[in-house]
Amino acid sequence: MPIQAYKRLQMSVEVQPLPFGAPWDTIPHMFFPFMWAAEEGVLDDDNANDIKSRFIIPMRIANIAKWVIVVVGGVGTLVGAGSILYFAFLR
């Protein structure tokens, strides 16, 4: 799904009549745009797949690895506790 983003900026200056006589007193009071900019960005399928492969997939791998480490640590703890009990009391 393509995603598009637009950013537009306009800066204006306030213009008003000045009390110095002609021609300055005939200037109408208005806001005059003196600068504007427009930017556009499109996220097409190729760029979306690139972002997914760089950020989303490694985050999922890290999440899976986190749970694998928790399970391995839990099994190691149980095995260690079992061997301590075996050697301490049942030997």
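Lys-7 and Glu-39 form a salt bridge (a side-chain nitrogen of Lys or Arg within 4 Å of a carboxyl oxygen of Asp or Glu), with their closest N and O atoms 3.6 Å apart. This pair links distant parts of the chain, since Lys-7 lies in strand 1 (residues 3–15) and Glu-39 in strand 2 (residues 30–43), 32 residues apart. Helices (H or I, at least four residues) and strands (E, at least two) are DSSP runs, numbered from the N terminus.

The model is predicted: local features need pLDDT of at least 70, side-chain atom pairs count only at pLDDT 80 or more, and totals for chains, interfaces and linings use all residues. Residues are numbered from 1 along each chain as its sequence is written, and side-chain values use heavy atoms, with hydrogens and water left out.

The whole structure holds two salt bridges. The other joins Arg-54 to Asp-50, with 3.0 Å between the closest N and O atoms. These residues are four apart in helix 1 (residues 45–90), a separation of about one helical turn.

Relative accessible area is classed as buried (under 20%), exposed (over 50%) or partly exposed (in between), with a 1.4 Å probe and protein chains only.

| Residue | Relative accessible area | Class |
|---|---|---|
| Lys-7 | 52% | exposed |
| Glu-39 | 48% | partly exposed |
| Arg-54 | 57% | exposed |
| Asp-50 | 31% | partly exposed |

Strand 1 and strand 2 each supply at least two residues of a nonpolar patch, and the largest share, four residues, comes from strand 2. Phe-34 is in strand 2 and is partly exposed at 48% relative accessible area.
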